[in-house]
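Welcome! Here is a short tour for anyone meeting this protein for the first time. Take a look at the sequence and the model, then read on.

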Amino acid sequence: MVGQESVAVARRSPKSPRHGLVLTKIDVTPGGAALSISAVTGLPVKFLARRADDALEAFHPDRLAGRILGMGDVLTLIERAQENVDQQQAEDLARKLQRNAFTLEDFLSQMQQLKKMGPIGGLLDLIPAWAEPPSRPRKRSIAAT
């Protein structure tokens with residue numbers, strides 16, 4: 001129903017000059033909604049956000065298809081890493097690991113850089129071994145201790 005409602009909203013939207021579409025919260029039916037809205041409006045999808053807490057990202061149909069099939073999206077993961085990770089600091093930390101001199105402060109620095117890349121659940125969805133199709137979401141629960 002989410003995809004059908006999004007098409008109805010697209011049909012009712014004003015016909016002002018537009019150049020593309022921005023889709024948010026599309027993790028229920030990502031491919032269907034994107035294709036349907038694009039067909040109804042005649043406009044290409046430019047940006048999307050899969051969940052409410054995700055940042056907008058450029059739309060790449062082939063990457064979305066990989067996510068839908070549970071194959072991940074390594075290219076988007078690489079782009080996020082390039083945008084958010086300091087290359088020189090990463091090389092320094094790699095040398096520290098080789099010398100067995102990696103400290104808790106170094107680990108904290110790595111976690112802070114990882115945090116800049118977005119929610120960990122979103123990052124796991126980009127890794128092929130961890131990715132799950134939207135129709136079979138990964139169970140995320142915390143066991144009581």
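Among contacts in the protein between residues at least 6 apart in sequence, what percentage join residues at least 24 apart? The figure is 56%. Please keep in mind that this is a predicted model.

**The overall picture**

- The protein has 145 residues, and 30% of them are buried.
- Its secondary structure amounts to 7 helices and 3 strands.
- Starting at the N terminus, the elements follow the order α-β-α-β-β-α-α-α-α-α.
- The accessible surface is about 9,900 Å², and carbon and sulfur atoms account for 61% of that surface.

**The sheet**

- The 3 strands form an open sheet in the order S1-S2-S3, and the pairing is mixed.
- S1 and S3 are the edge strands, since each of these pairs on one side only.
- Between S1 and S2 the pairing is parallel, with 4 bridges.
- Between S2 and S3, the latter covering residues 57-58, the pairing is antiparallel, with 2 bridges.
- Some individual partners can be picked out: threonine 24 has alanine 49 in S2 as its bridge partner, and leucine 48 has glutamate 57 in S3.
- Valine 22 sits opposite phenylalanine 47, a residue of S2.

**The nonpolar core**

- In soluble globular proteins, nonpolar side chains tend to be buried together.
- In this model, the largest nonpolar core consists of 11 residues: Val7, Ala10, Leu21, Leu23, Ala34, Ile37, Leu43, Val45, Leu48, Phe59 and Leu64.
- Four elements each contribute at least two residues to this core: helix H1 (2-12), strand S1 (21-24), helix H2 (30-41) and strand S2 (45-49).

- Where is aspartate 106 found? Its place is in helix H6, which spans residues 104-116.
- Why does aspartate 106 count as buried? Its relative accessibility is 9%, and the cut-off for buried is under 20%.
- Not counting residues up to four places away in sequence, aspartate 106 touches Leu93, Lys96 and Ala101.
- Glutamate 79 belongs to helix H4, which runs over residues 74-84.
- Glutamate 79 counts as partly exposed because its relative accessible area is 33%, a value between the 20% limit for buried and the 50% limit for exposed.
- Although glutamate 79 and methionine 117 are 38 residues apart along the chain, 9.7 Å separates their C-alpha atoms.

Methods: Residues are numbered from 1 along each chain as its sequence is written. This is a predicted model: local features need pLDDT of at least 70, side-chain atom pairs count only at pLDDT 80 or more; totals for chains, interfaces and linings use all residues. Side-chain values use heavy atoms; hydrogens and water are left out. A nonpolar core is a set of buried Ala, Val, Leu, Ile, Met, Phe, Trp, Tyr and Cys residues joined through side-chain atoms within 4.5 Å. Buried means under 20% relative accessible area, exposed over 50%, partly exposed in between (1.4 Å probe, protein chains only). Two strands pair if DSSP finds at least two bridges between them. Contact means heavy atoms within 4.5 Å. Accessible areas come from the Shrake-Rupley method with a 1.4 Å probe; for residues, only the protein chains shown count as cover.
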